[in-house]
Amino acid sequence: MIHSLFIINEAGDAFMEKHWKTVVSKSICDYFYEAQKKCVNPEDIPPVIATPHHYLINIYRNNLYFVAVLTNEIAPLFVIEFLHRIMDLFENYFGECTEKSVKDNYVIVYELLDEILDSGLPLITETNILKELIKPPNLLRKVAHFVTGDSTNTTLPSKQLSNIPWRPFDVFYRNNEAFFDIIEEIDAIIDQNGTIVMSEIQGYIDCCIKLSGMPDLTLNFVNPRLLDDISFHPCVRLRKWESEHVLSFIPPDGNFRLISYHIATQNTICMPIYVKHHIQYREGSSGRFELTVGPKQTMGKSLENVIIECTMPKSVLNCILTPSQGKSTFDPIKKILIWNIGTIETKTQNSAHLPTIRGNIILVTGQPIPESNPILNISFQINQLAISGIRVQRVDMNGEIYKPYKGVKYITTVKKGRFQIRT
Amino acid sequence: MNINERSLTTMSTLNAQGSRGTSNQSDEQTEPSTTLSIFALDYKKHEDLKQMLDSNKDNLKLEAMRRIIGMIAKGKDAADLFPAVVKNVVSKNMEIKKLVYVYLMRYAEEQQDLALLSIATFQRALKDPNQLIRASALRVLSSIRVPTIVTIMMLAIRDAVSDMSPYVRKTAANAIAKLYALDPELKDELVLIIAKLLADKTILVNGSAVQAFEHVCPERIDLIHQNYRRLCNLLVDIDEWGQVTILNMLTRYARSQFVDPNKIFEDEKKSFYEDETEQNINEDEDSLDKRTYVMDSDHRLLLRCTKPLLQSRNSAVVMAVAQLYYYVAPQSEIQIVAKSLLRLLRHHREIQTIILKSIVFIADKHKQIFEPYLKSFYVHSNDSSLVKRYKLEILTTLANASNISTILREFQTYVLSSDKDFAAHTIHAIGRCASTISDVTEACLNGLVALMSKKDETIVAESVVVIKKLLQINPSQYNEIIKHIVRMVDKVTVPIARASILWLIGEYSDRISKLAPDVLRKMAKSFIDEETIVKHQILNLAAKLYVVNAKQTHLLVQYVFNLAKYDTNYDTRDKARLLRALLIQTDKCPTLSKHAKKILLASKPAPILESIIRDHDQYTLGTLSFVIGQKAVGYKDLPDFPLEPPDPSVRNVEIVTPLPSQNVSSRKSSTTTRITSREKKKSVNDENFYSDEEEEEEEEEEEETSTEGPDTDNEEEEDEEDEKEKTTQNDNDTNEYEQLDAQSTNNIEPEEEEKDESSGSSEEEESEQEEEEDDDEESESDESADDEKLTPNQSSIVAKPSSTLTVSDYTIPATEKSLLEMDLEAFLGAPSTSTNVQVAPVKNNIFDDLHGLESLTSTSSNLVYTKQYDCLNRITGQGLQIQYRFPRTPFQQSPNMIHVELIFTNTTTNKDIHSIKFYKSKSNINIQGFNQIDLLPSGVSIVTSIGIDFNDKTQPASFDILYDDNLIPTSLTILCHVGELIEQKFLNDQQFNQNLGK
């Protein structure tokens, strides 16, 4: 199965390697570098690369490449999913997964890699069990080491593994809390006339559960039929959902993603934002650029962190723009224009106060006028609103006697580059 | 001593810097070791580590081990430390031990003799009471790859397979594959062990056992038969990685054990969209070789059990299910995978790429399943280049007469994309659409011609190439376009485009007879600077013109041929030689030369515009080979369906008495095995005090996970608290998180009503939907078919147990209290609450009753009517005792309510009780009270009926009762058992089997 793993940084240095079977020489990475060289964008590297004797499967995330070496037929998604799971695990352990954090914690990294794969076959991948076996680094222990000068960790792993794989059996909190973040991402393409070409909603329920003991939670929606296609955390009882449309589960401890759902194109959603644009290139190395952004159907909530990003054609030399709100920058090398608008209040409905940016584009002299207008990428966030209208009705807890604090938060947002306006 | 001191000082600085400093420090120190010039330092450096390892302080050893691991992690050689490290395998410190294990796994293979020193320690650890230590010892022992210890490994595995801890058994299953890799001759013995592991009852082990099976003996399909049904039923609960392995194995199994569900449809294409009629399809056909197709119940079981996995968060699982459906399911059912695959498009870029590639493959064969989701494949400008290409490919595949206009409009924007490669691919895609959908050919051609006037070269070139191909399909109509293209020959510089234009001129020179020789003249001038591909076309052009118009072009052609004769490329030289012989030196091969015109100007078949990326359809969907387009090591094709189904009875777990229906027999066997296994379990527990703790806890917790039955106490309290909160909390607008309870306050009253309404109406919707898309969700329709005959507000709960019952056949491992068992238990009334009935016989009775239900032989009166529950005991009731029971007959006053009988008994010796009446319901549950009882003499029992609307919940109903005009101090509580919410329903054998078949 997974034979070896190399962790490679952006500079192309394989700074960590782990072999579960016979050692594979680092030179295998050359095939990867070769593929990397062919691509301008790191995203374009094909995820599976075949070499004469091995197969390389790589993922790119957080500016790191994880390259797995295989020798046999195996479902590639199995490996990709697993590599991402390793990345998630590191993020969980170290707060972030970067070259620095991996290097700093190389002993833990190595122990983890040893525990999750047994000669290339997945062994334990549940974070909760792993945390019982291998303690994550924390400040307290570092301080203790510093004071006592003793760096050995004498605690034996507990004898008993929890029987619910995702939950340790001895959780205790003084304040019992359960938070549910309902996050929805809009995925949309809007054409130059403002009509919606496609729109989808991808939603998640991310939980932060800090409850003692073995709580059994039930989450009811006001309108569960809205959810089109769902994937569940393994803790959710599928049959309960199928029969009653409630989420019933014994939660893992801490942060996790309970479900993710998808609401597809059939029912078009109302866009909370609109952009009026006027971009024109004129003969003689100049052009006009004007954008107006306004809120639309936001249920009285304001748009926050509104950012418009726009990659200009190569022949644009510079943009001299003045925004009525926020800040704009233009990177003349990458040709990226970023307009950071900030918050747009819904009250400013009359168009005079809407955030506007206008100014001139300077083209490189002698170059032909660009044939097409650039695409605008918009990102924003709306708090206390789930754009699909999904609402949680109630959350009940069984199995424990205390009274927890329960809270639900709704956020509508946009994943980078998934909300595009063609101009 | 000197060195030791130094290491100590290092240590103190290390400690001072914390663990982060450690790695840096070791970095600096190991760095020079790679260069030979400071070999002395290198030597000293390792000496330093050795000293630390030899010391008797654990923290020194640990520090040394950490640094060594750091070296390994960077890929630096630490082999010479082996003797010093291996000694520490006996260390009592877990942390050190773990790191030594890591080291051993890395280097043992290289230093086998020294590694043997550690074996004794592992053998000792294998007997450790701590399961984690046993497991890790086995893991290391099997991972050190030293051939001399094969026998020790074998023994260890054999022991571990019967270990009490499932975790150790899982490790043992993993070790099998490793041992097999080390010594393939042990296969026979290992197969026996695998057979044992496959029968393991713990979900933790199943995945690894199947993995070992796939590694060692994938051809021994006979080992699966006995476990097939259990694996199917447990699949949902197994860990994600195990699911993938098992799904792949089951796909293969299904292909070898069941007949092709689509086979008969091949003869009758028109009916394969109609779903229901599977069985009736061939009734009117009387040809002999066509049999009525009835899907094997096990085949159906597989499809049913894998369907929920489409909702897994793990993309590999979803893909494995999609693969299974693609290869095993009837065509009408494949479409359920579409939605789930689309969901995965939102995952990481790598996953997206592979899913899209798979969709390309599936869409090629089953267009219709992705057609509704066309828009999901629209390209975002920041998709990766591979993703863009796959999306384009899918859009092209899905294009048909009805959606082509939207797709073309979308393509128009792609052509303008700043990603020129992508734009070129789009043009190619437009060409494909134009060639397949004749309605739009004209429009596409015009669009492409317009593109030729763009400034960008790649776009122009691609358009020319595509137009050339389109023209070939129907050349006569497009004289103008041909002329237009010919004029462009000077402007276009991209070789492939130039070549295309030249070919066009040669082919249709009769229509541009004046232009053609002129073009040849220009080309002759620039011949030597052209690319090979262009040169070839110049030669072609020359030859064709010579045939048609020898007079004008004779000299030019000679000149071109001469140039080609001295070309550096041998292909060009060959081509020139051939053409020269054919046309000019006619005496060399007179027979051919006679036909030169026919040869050169033969009408060529129009090319089929094909996908650029669809080239490896021969590999199984979703495999590595499929993705890389070449056969990977260890790849095996899926077997074809057998023509005649192999004997299905091999999968029967235990053949008891031959009964008429197979389903009944398997059910029966399951009950017996279940009971015996439970007994067995008990005895094990009694004997073996060791396992007691672990296993019992396990059971308890698993019970908790799957508890579905009444969980009364807490809920009641919750409710009360909820009510309290209603008064206190009103608005939390300021808070980021909405407090849920506060919210529920506002809704709680109207909600109840709404819910009733909505459940009714939504059901109607559902049934409407079903009529439309029947084949979509089989099981659901199955359930709601049941529902319709039931009272509306019971439906949702009823649906569930009925579906579980159909699934519930076979062995249920005693260690696993699965959901289904809990349901049954609730159905029977939990044993703890039953007052006067012995548990075991009741169970048997009820199972018999279940059989009765199926076969329509017994009636409701057989059901446990005798079971009574205490509601008010005589001490708190001061002589009045109230019991209740569920008569399981419909409640007359309201169909929504459950009929409950209350038995009032006056247990006092001489006091009469007067005027017992229903006061009010305390919970939110509707209760229809009973008529007042005026007099209850001592020693007499009176039975009354009440109706309770549990509203499909298992929350207990509580209410107050007055007697002698006093309130009874405690309110009465009636527990609701899930089973009591279900209305009985009788199915005869045939109906039952039909439902099962769905």
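Trainee: Why is A:Q384 called partly exposed?

Mentor: In this predicted model, A:Q384 has a relative accessible area of 40%. Buried means under 20% and exposed means over 50%, so a value of 40% makes A:Q384 partly exposed. A:Q384 is found in the loop between strand 21 and strand 22 of chain A, and its phi is near 60 degrees, a positive value in a residue other than glycine.

Trainee: What makes A:N62 partly exposed?

Mentor: Try the cut-offs again: the relative accessible area of A:N62 is 34%, which lies between 20% and 50%, so A:N62 is partly exposed. A:N62 sits in the loop between strand 4 and strand 5 of chain A, with a positive phi near 50 degrees.

Trainee: Which residues of helix 26 of chain B meet helix 28 of chain B?

Mentor: B:P517, B:L520, B:R521 and B:A524 do, and their partners in helix 28 of chain B include B:L556 and B:V560. The contact residues divide into eight nonpolar, two polar and one charged.

Trainee: How do you know that strand 16 of chain A pairs with strand 19 of chain A?

Mentor: Pairing takes at least two bridges; these strands have seven, in the antiparallel sense, so they pair. A:E309 has A:I338 as its bridge partner in strand 19 of chain A, and A:N377 in strand 21 of chain A.

Key. Residues numbered from 1 in each chain as written. Chains lettered and ligands numbered in written order. Predicted model: local features only at pLDDT ≥ 70, side-chain atom pairs only at ≥ 80, totals over all residues. Heavy atoms only, no water. Contact = heavy atoms within 4.5 Å. Helix = DSSP H or I, 4+ residues; strand = E, 2+ residues; numbered from the N terminus. Nonpolar A, V, L, I, M, F, W, Y, C, P; charged D, E, K, R; others polar. Buried < 20%, exposed > 50% of the residue type's maximum accessible area, 1.4 Å probe, protein only.
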